[in-house]
Amino acid sequence: MSINLASLPVSSASAPAQPWRVGLIGFGCVGQGLYDILQQRPEAGFTISRIAVKTPDKVRPLPAGRFEFDAEALLNDDSLDVLVEVIDDADTAFRLVSEALRRGRRVVTANKAMLARHLPELVQLQRAGQGTLLYEAAVCGSIPIIRTLDAYFGAEPLRRLTGILNGSSNYVLTRMGEDGSDYAPALLEAQHKGFAETDPTLDMGAFDPRSKAVLLAAHAYGSFLNPEEVLNLGIEGISAVDIAFAASNGQKIKVVAGLQRLADGRITALVTPQLVGPESPLYSVDREFNGVVIEADFAGEQFLQGRGAGGHPTGSAVLADLAALRQGFTYQYSKATTPAEYASDLEVEIYLRTDEDRLIDLLDFSEISEEADEDEYVVGYVALANLIRHRDTLRKYGAFIVRTGRLRPVSTEVFTAEILA
Ligand SMILES: NC(=O)c1ccc[n+]([C@@H]2O[C@H](COP(=O)([O-])OP(=O)(O)OC[C@H]3O[C@@H](n4cnc5c(N)ncnc54)[C@H](OP(=O)(O)O)[C@@H]3O)[C@@H](O)[C@H]2O)c1
């Protein structure tokens with residue numbers, strides 16, 4: 001017997017009696033992606049009623065009359081059901097989003113840098129007022145990781161969360177691994193194909209995935225980390241020698257964000273290049289793709305992969321947030337009632353390649369297991385605090401560092417010997 005779905009009663013919470021009126025702030029890659037999706041899917045029940053941008057004389061794909069230049073005016077318009085903030089300026093975004101929440105508005109944002117810096121204040125504002133903020137698009141574009149952690153895994157402890165959260169650096173690393181090319185030509189190719197920004201610092205220096213890791217920590221462990229506390233090491237100093245080193249062990253180098261619960265219940269968060277073997281699902285996450293492995297106490301391992309950037313994938317995450325808001329969904333931050341403490345009193349096993357011997361002295365290795373003069377690399381344990389303290393110097397002198405995945409307390413006794421990813 002077939003069932004006619006159209007005859008089933010529709011819940012009043014999800015039935016779009018009237019399309020929701022959306023105030024869109026920003027009409028770049030993400031804003032245009034959302035606009036295009038809503039044009040193609042009018043039945044989704046959202047209409048972009050007002051669009052605020054910054055530059056009056058810019059050529060745009062829609063008639064000039066559709067744009068206005070004062071985002072504040074949208075905050076004042078109570079006929080708008082929801083505001084979507086997708087601008088490229090973190091300070092202005094924070095001003096707009098925090099003011100909107102103060103006024104009890106519903107807001108969707110994709111701005112991970114702004115969120116990572118201000119999440120505690122934004123959560124506080126929501127608790128104090130009537131406003132609601134969702135931000136699925138801020139982490140891994142189209143992959144529904146924030147909602148999965150917050151809603152589905154809200155009650156289940158997580159052992160580990162490991163992810164490739166930045167498609168630009170992943171594209172560069174993939175290309176270097178494919179044909180042995182060096183960093184500069186691989187980056188140039190990524191820029192030509194639109195997978196990397198003209199200023200690559202945020203992506204290649206692992207600042208962007210660090211912001212995303214901070215957001216994941218809030219939902220996975222209830223911990224609101226200061227981004228500065230989280231070690232981020234990038235790939236600007238990588239060369240074909242490093243890719244060959246990894247390949248000689250059957251591994252690839254990936255920029256991995258690793259959040260991990262330690263034996264004493266504290267957590268650590270590291271965002272650095274890491275050696276990844278074929279046993280990890282992240283090994284096959286190549287090019288501009290993102291992927292996240294969730295290791296939960298009872299569910300076991302789960303793996304999500306998808307497009308982490310681009311107008312349509314990111315617009316798709318914004319649409320999912322709009323639909324969730326209409327159903328009354330809010331983030332619970334359930335684990336924030338007993339937040340895991342952040343641990344930095346650890347030693348991290350690294351491969352360091354540098355032609356500056358004084359960097360090896362500066363890092364003060366507690367143990368060196370391998371040293372190769374001709375290739376100028378060492379493998380050994382270094383205090384995490386030293387890596388955090390000297391990360392700018394390491395970047396300045398072009399050193400390249402990869403984690404093996406092994407961690408231990410500063411006491412030198414190995415307690416987590418397995419590879420993270
Ligand atoms: N691109 C992606 O794939 C992606 C993925 C995930 C998250 N995100 C995040 O989404 C946000 C938007 O990224 P995007 O790539 O779409 O940026 P984008 O292409 O550079 O576009 C930025 C837009 O913001 C507008 N804008 C800047 N300041 C403004 C202001 N004060 N008032 C009103 N409009 C303003 C700009 O106006 P004009 O047009 O007048 O210049 C432009 O339309 C960023 O936070 C980014 O980190 C992006």
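## Sheet and helix packing in a predicted model

The span of residues 144–322 has its end C-alpha atoms 13 Å apart and is 40% helix and 25% strand, where helices (H or I, at least four residues) and strands (E, at least two) are DSSP runs numbered from the N terminus. UniProt, in an unreviewed entry, places the feature "domain: Homoserine dehydrogenase catalytic" at residues 144–322; UniProt positions are given in the numbering used here, feature names are shortened, and annotations may be inferred rather than shown by experiment. This is a predicted model, in which local features need pLDDT of at least 70 and side-chain atom pairs count only at pLDDT 80 or more, while totals for chains, interfaces and linings use all residues. Residues are numbered from 1 along each chain as its sequence is written.

An open sheet of 6 strands runs in the order E3-E2-E1-E4-E5-E6 with parallel pairing, two strands being counted as paired if DSSP finds at least two bridges between them. Strand E3 (67–68) and strand E6 (132–134) stand at the edges with a single partner strand each, so one side of each has no neighbour in the sheet. Within the sheet, strand E4 (residues 82–85) pairs with strand E5 (residues 106–109) in the parallel sense over 3 bridges, and Glu85 stands opposite Thr109 in E5.

Two helices lie across this sheet. H1 lies across strand E1 (20–25), strand E2 (46–52) and E4, running at about 150° to E2, whereas helix H3 (residues 90–102) lies across E1, E4, E5 and E6 and runs at about 155° to E5. Axes here are lines fitted to C-alpha atoms, for helices over the stretch in contact, and angles run from 0 to 180 degrees between N-to-C directions.

| Helix pair | Angle | Axis distance |
|---|---|---|
| H1 (residues 29–40) and H11 (residues 311–326) | about 70° | 7 Å apart |
| H6 (residues 167–179) and H7 (residues 183–192) | about 130° | 9 Å apart |
| H3 and H4 (residues 112–128) | roughly 15° | within 10 Å |

Angles under 35 degrees count as roughly parallel, over 145 as roughly antiparallel, 65 to 115 as roughly perpendicular and the rest as oblique. H1 is therefore roughly perpendicular to H11, H6 is oblique to H7, and H3 and H4 are roughly parallel to each other. The crossing of H1 and H11 is right-handed, as is that of H6 and H7 and that of H3 and H4; a crossing is left-handed if the near helix is turned anticlockwise from the far one by less than a right angle, and right-handed if clockwise.

Residues are in contact if their C-beta atoms, placed from the backbone, lie within 7 Å. Between H1 and H11, the contact includes Val30, Leu34 and Ile37 of H1 and Val318 and Leu319 of H11, and its residues divide into 6 nonpolar, 7 polar and 1 charged. In this division Ala, Val, Leu, Ile, Met, Phe, Trp, Tyr, Cys and Pro count as nonpolar, Asp, Glu, Lys and Arg as charged, and the others, Gly among them, as polar.

The contact of H6 with H7 includes Tyr171, Arg175 and Met176 of H6 and Tyr183, Leu187 and Glu189 of H7, and its residues divide into 7 nonpolar, 1 polar and 2 charged. Where H3 meets H4, the residues include Phe94, Val97 and Leu101 in H3 and Met114, Leu122 and Leu125 in H4; that contact divides into 9 nonpolar, 3 polar and 3 charged residues.
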